[in-house]
Every structure is written in structure tokens, then in C-alpha cells.
Amino acid sequence: MDRKCNLEVPKREMRSFLMARDPSIDRRCRPRPNKKLRLFNDIQESEEESYSECSETESEFTPSSGSTVTSIADSNIPETGPQVFLRLRPVNDPSKAYTVSEDGNVLITSCKVDSTSNNVNRMEKHFGFTSIFDSYVGQRDIYDICVGPRILEEECVTIMTYGTSGSGKTFTLLGDDVRAGIIPRALENIFTIYKETLYHSPKLKLVNGDIAFLQDDATLKEMQIRKKLLDLCPDITAHHQRLKQVIDGDHDFETKSNPAVSVMVWVSFVEIYNELVHDLLAIPPRQDKIGEVPRKNLRIVYNKGQVFIRGLTSVFVKTSEEALRLLRLGQQRSTYASTSVNANSSRSHCVFTVDILKYNRSGITTQSSYKFCDLAGSERVMNTGTTGLRLKEAKNINTSLMVLGRCLDAASTTIKKKNTDVIPYRDSKLTMLLQAALLGKEKLAMIVTVTPVDKYYEENLNVLNFASIAKNILFKEPVIKQHRTSFCGFMEFSKMEAGNEYNKELEEEVVRYVWILYFINSVDICFACSLQLEIERLKFDHVLQMQLLEEKLRKELTDSYQEMIRDTKKQLEEECEKKLLIANREAEFKLASQKRRFEEDIEDLKDELDELKNPDRSDAESTDDPDESKSPIEIIDDDE
């Protein structure tokens with residue numbers, strides 16, 4: 001009886017609004033297991049199958065009624081999830097609704113009544129992150145924690161920045177003239193690591209998602225494309241020197257030396273604007289002006305487990321300065337507009353990709369891709385006040401971000417629901433391009449930016465909920481893509497069986513011939529490069545001679561025209577002097593004649609005046625005149 005009393009189950013407490021139910025017990029009062037069980041551990045999956053069967057759209061996690069986490073992965077392969085970081089933008093008056101926990105990994109939000117109209121948003125919420133950076137954390141620490149370790153791992157990784165409009169996403173990626181962003185630091189880190197192993201010619205390239213060997217004509221064509229695009233790029237030599245000094249002062253990147261490896265670096269830049277894929281590094285046609293780049297829509301292709309953009313321009317670069325110049329050229333061509341929230345708001349999703357192709361002496365080629373994705377900011381029309389074209393852009397931006405959230409929700413293992421076993425990455429161009437990261441074939445790192453003010457509280461909650469979904473995803477550890485190929489024509493090596501000496505001898509002989517052909521190809525490449533350099537030198541000399549000849553002709557023409565002008569001036573001056581002399585003489589003659597005429601008139605007038613004053617004298621003079629005819633009338637004097 002006592003034993004029964006001891007085994008008696010304690011009476012269940014009455015639930016109330018003050019005393020809530022224990023979260024470890026569901027609605028039917030059944031205890032939930034705290035330990036996550038893994039089923040199907042006996043199923044083996046090879047590394048090749050994990051990449052060859054990637055055409056399936058189903059998620060790698062299958063729901064089951066007996067466990068909360070179920071995976072079809074191999075039990076020996078560890079599972080990791082995307083790393084989600086939070087960065088708080090510096091503001092003058094930060095809101096008290098955002099607080100960071102003592103451990104520095106949890107953000108606690110609790111708003112005032114006036115900050116939101118939704119009762120759910122007024123509750124206190126906790127959001128966990130891998131790391132939280134407050135307003136005092138600089139660009140150096142963010143790179144060292146978020147990006148630097150992934151560059152050293154030499155694996156494919158996708159780095160996304162997500163947040164509201166104007167929260168500092170582009171600044172985190174690009175920075176400014178003094179504070180370098182993630183991409184310039186990553187470029188300096190990459191080219192410092194492979195400084196001694198960089199190959200001078202583009203002999204390997206990703207073609208339709210696969211590594212291909214380029215012949216001499218294709219190599220020269222790629223070099224011409226590289227030269228044309230670099231000529232279109234702005235000159236940022238001084239800017240790059242300043243950034244390099246800042247980066248060298250902040251970091252101490254190490255150089256890896258491996259003489260058996262040749263490394264080639266390719267970059268590409270693409271934007272997704274209104275669900276249209278545009279190439280930001282496309283070469284403009286000759287008939288158009290340099291600034292007018294045609295906006296051609298590209299197509300995202302999914303073939304044999306590989307995702308690529310058909311017709312995308314990929315440029316071979318030799319230095320970090322060239323990659324940064326191409327990045328600046330793509331920025332000039334990307335779409336920006338002004339809104340009430342951000343004066344320079346990005347209206348498209350931009351993805352800058354750095355592909356690193358390695359070739360080993362043994363014939364193995366490896367690929368490492370780094371995608372830097374600058375997502376356009378989510379925005380509310382009631383806050384931004386967008387209309388017309390800006391409204392259409394905001395609609396497409398929010399739609400693509402919603403599809404991205406659905407894909408993350410479908411890939412999440414802790415928030416598993418019905419009918420979520422298929423990842424809908426085909427519903428948006430952005431998710432189609434990033435499906436390798438969404439399916440766990442590449443590592444994923446997300447930097448969430450938030451403006452900690454009360455005005456954007458509801459928008460920030462949507463961003464934080466999005467980040468919390470991404471934090472709950474579990475992926476298999478990705479494997480570096482390796483291709484067993486030879487440098488000359490990519491002949492596949494057969495797998496050798498242990499103890500087969502004849503096959504080993506054949507393999508050694510093939511490797512020896514490979515090196516011989518490699519040497520021949522290297523000589524041909526060197527000869528082609530020397531010819532190309534000689535052609536460029538001759539072109540430069542020709543241009544220089546033409547410039548000198550043009551200057552000489554300009555000088556001769558200038559001297560001849562100046563001499564003609566002097567002669568013409570002298571002739572005109574002589575003609576003017578002659579005409580002036582003739583005009584002076586005519587004026588003097590006219591003046592003299594007028595003077596004489598006036599003098600004669602004056603004399604006549606004087607004579608008439610004298611006659612009028614002395615009439616008797618005039619009569620006497622008239623009688624005394626013998627020539628004067630006598631009057632026929634005789635005057636008789638009466639006195640006689």
C-alpha cells in the first residue's frame with residue numbers, strides 16, 4: 001500500500017492565464033522529447049550522388065510523426081546551419097525597444113503602445129543570432145568574424161545582406177573611401193592568399209557551370225574582353241591605394257605557397273530588376289555610346305545539378321584593383337532611385353561573384369565560388385510614399401523577398417509544417433540563382449541590418465522574423481567540388497585498383513605525357529602572349545607616331561595660317577593707308593575750292609555794299625566811263 005502511495009502521480013496543476021502550461025507539454029498533455037532523433041541512419045549516400053541528384057526540388061528533410069528533425073544525410077557527415085549575424089546601424093537617438101542580452105547573442109524587442117497597432121508585436125520577443133554587432137563595431141571586426149574564416153576554408157559560400165531600406169546593407173558590403181567594406185577586404189584577402197600561385201592566362205573557365213579548358217583562340221578572346229571592360233572602367237588607382245593601406249593596417253593576410261597549383265580568378269556581376277536578370281559587365285555595342293548599355297534579359301538555366309546564367313559575362317582578373325574597377329563599373333550601371341526613406345536606394349538585387357579555379361599537377365581541378373548578394377531593402381509603401389515605377393519596383397522587391405522567406409521556411413527543420421517538403425525556389429529569379437545555398441550545397445552567411453528606431457519597429461520585426469527562420473535551418477556540410485581532369489583536353493583518369501602495377505605504370509606514363517603537353521602548351525601560351533604584347537607595343541608605337549605626326553601637322557598648319565594672316569594684315573594696312581591718303585587729298589581739294597568760292601562771294605558782297613554806301617561816286621564813275629553809251633534823251637536846263 002505504501003508502495004502504491006509512493007508511485008502515485010502528482011495531481012496536475014490547473015492552468016490559468018497567470019500560470020501558463022509548460023512548453024515541454026503539448027495541448028494533449030503529452031510530454032515532448034527534448035532530444036532530437038535522427039532516423040534513416042543506415043541509408044548511405046555518396047558524395048557524388050549528393051551533387052548528381054541535385055535536380056530534385058525536394059528538401060533534404062522529410063517530416064515524420066516520430067521525430068522533430070529527420071534527414072536523409074549520411075550520419076558521418078556533420079550538419080551545420082547558416083550563420084546569421086545582426087548589425088545595428090548607428091543612430092543619433094537609439095530606441096530603448098531594442099536591447100541586447102548579456103551574452104551578446106540575443107536581441108530583445110519590446111515596443112511602446114504607440115509604436116505599433118498590432119497587439120502581437122507589442123509582446124516582448126527574443127531573437128537569437130550567431131553574433132550581434134552594435135553601432136561601435138567597425139568594418140574590420142565584421143569581416144574577421146563573418147567573412148574571413150570562410151575565405152580561408154576555400155569552400156563555396158554565399159554572403160547575403162538583408163534589412164530594411166537605408167539600414168546599411170550596401171555600406172556593409174562596399175564601405176566608403178575610408179572604411180572599406182566586406183567585398184574590397186575579401187578581394188585583398190583572396191589575391192594575397194594566391195599571390196604566388198596566380199596564373200597569368202585564362203586557361204580554365206566556368207562554362208555552363210562546369211570547368212572547361214580554353215584553347216589559344218578562346219584565351220585571346222577572353223583577354224580582349226578583359227581589356228575592353230577595363231578600358232571602360234573608371235580610374236580608381238588612388239582610391240585603391242588608400243583602401244589597400246587601410247586594409248593592410250587592419251588585417252595581416254597570409255600567403256599560401258603551393259608550386260603544384262595554378263589559380264585563376266574570374267568575376268561576374270549581375271542584378272535582378274523587376275524579375276529581369278541583367279548583366280552589369282556586358283560590353284556595349286560599337287554603334288552605341290559608352291554610357292548606354294543595353295538592358296538585355298538573361299536566362300537562369302538549371303542543368304545537371306548546376307545553376308548558371310546563360311550569356312553572363314565572366315571576366316578574368318589578375319589583381320584586386322582590376323576586380324574592384326569592374327565592381328565600380330557594375331555599380332554605375334545598376335539601378336538606384338531616391339525615396340523618402342533613402343536618397344540613394346537600390347531598386348534591384350545585386351550579386352557579385354568571385355570564382356576561383358585551381359588546377360593541380362595531378363590533374364584535379366577545384367572550384368571555390370564566393371557570392372556577395374546585396375538584397376534590396378524591404379519597404380512599406382505607406383512609409384516610403386512610392387508611386388508609379390517606384391511602386392512597381394517595391395512590389396517586385398517585396399515579392400522576391402517573400403519567396404526567399406518561404407524557401408528558408410521550407411528548409412527549416414524546427415518549424416516543420418505540412419506540405420513544406422518542397423522548396424519553392426523556382427517562384428523567383430533570386431531564389432533560383434541562390435538555390436545552391438538554399439539546398440545546402442554551399443555555405444550560407446547572412447548579415448541582417450536594422451535601424452534601431454521606433455519609426456521602423458514593425459519593419460524591423462519582419463526582418464528579425466526572417467532572420468530567425470534562417471537561423472533554424474540545418475544543412476549537410478558542403479564538399480569542395482573536384483573534377484578529375486587533365487590540363488590538356490580534360491581526359492578522365494580511370495580509378496586505379498589497389499595492387500595493379502600495370503595500371504600504375506600507365507598512370508605514371510600518362511602523367512608524364514600530360515606534363516610534356518603542358519610544357520608545350522605553356523610555350524605556346526608564352527609565345528602567344530609575347531606576340532600579343534608585341535602587337536600591343538606596335539599599336540602603341542603607331543599611336544605615338546600618329547600623335548607626333550598630328551602635332552607636327554598641326555604646328556605646320558598653325559604657322560602657315562599665322563603667316564597668311566600676317567601678310568593679309570599687312571596688305572590691308574597698306575590699302576587702308578592709301579585710301580586714307582586719297583580721302584585726305586580729296587577733302588583738302590574740296591575745302592580749298594569751297595574756300596575760294598566763299599572768298600569770291602565775300603568780295604562781291606563787299607562791292608555791292610560799297611556801291612550802296614556811295615551812289616554819287618558810282619554815278620561819276622559811270623559818266624567817266626568812255627565806253628558807256630550816251631543817252632538819247634537830252635536834259636535841258638531851265639536857267640539858261
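Colleague: Is the crossing of H7 and H9 left-handed or right-handed?
Modeller: This is a predicted model, so treat each value as computed from it. The axes of helix H7 (residues 216–232) and helix H9 (residues 320–333) come within 9 Å. They cross at roughly 65°. The crossing of H7 and H9 is left-handed.

Colleague: Which residues in H9 do Arg226, Leu229, Leu230 and Leu232 in H7 meet?
Modeller: The residues of this contact divide into 5 nonpolar, no polar and 4 charged. Arg226 is one of those on the H7 side. The partners in H9 are Glu322, Arg325, Leu326, Leu329 and Arg333.

Colleague: How many helices and strands does the protein have?
Modeller: The chain has 640 residues, and 40% of them count as buried. Among contacts between residues at least 6 apart in sequence, 74% join residues at least 24 apart. The count of elements is 16 helices and 21 strands.

Colleague: Is Glu458 buried or exposed?
Modeller: Glu458 sits in helix H14 (residues 457–471). Its relative accessible area is 14%. Buried means under 20%. Therefore Glu458 is buried.

Colleague: What separates the C-alpha atoms of Glu458 and Cys111?
Modeller: Along the chain, Glu458 and Cys111 are 347 residues apart.

Colleague: How many salt bridges does the count come to?
Modeller: Side chains of opposite charge can pair when their charged atoms come close. One network of salt bridges links Glu153, Glu155 and Lys443. The count comes to 18 salt bridges.

Colleague: Where in the chain are Lys358 and Glu154, and how many residues apart?
Modeller: The side chains of Lys358 and Glu154 meet in a salt bridge of 2.5 Å, N to O. Both residues are buried. Lys358 is in strand S17 (residues 349–360). Glu154 is in the loop between helix H4 (148–153) and strand S7 (157–163), and the two are 204 residues apart.

Colleague: What separates Arg537 and Asp541 in helix H15?
Modeller: Arg537 forms a salt bridge with Asp541, and the closest N and O atoms are 2.9 Å apart. Arg537 is partly exposed at 41% relative accessible area. Asp541 is partly exposed at 24%. They are 4 residues apart in helix H15 (residues 501–613), so the separation is about one helical turn.

Colleague: Why does His251 count as buried?
Modeller: His251 is placed in the loop between helix H8 (237–250) and strand S10 (261–273). The cut-off for buried is under 20% relative accessible area. His251 counts as buried because its relative accessibility is 9%.

Colleague: Which residue does a polar contact of 2.8 Å join to His251?
Modeller: Leave aside the neighbours within four places in sequence. Then His251 is in contact with Arg140, Tyr143, Asp144 and Arg185. The polar contact of 2.8 Å is between side chains, and the partner of His251 is Arg185.

Colleague: What is the phi of Asn208?
Modeller: Most residues other than glycine have a negative phi. Asn208 is not a glycine, yet its phi is positive.

Note on methods:
Residues numbered from 1 in each chain as written. Predicted model: local features only at pLDDT ≥ 70, side-chain atom pairs only at ≥ 80, totals over all residues. Heavy atoms only, no water. Axes fitted to C-alpha atoms, helices over the stretch in contact; angles between N-to-C directions. Left-handed = near helix turned anticlockwise from the far one by under 90°. Contact = heavy atoms within 4.5 Å. Nonpolar A, V, L, I, M, F, W, Y, C, P; charged D, E, K, R; others polar. Buried < 20%, exposed > 50% of the residue type's maximum accessible area, 1.4 Å probe, protein only. Salt bridge = Lys/Arg side-chain N within 4 Å of Asp/Glu carboxyl O. Polar contact = N/O pair within 3.5 Å; in protein donor to acceptor, adjacent residues only side chain to side chain.
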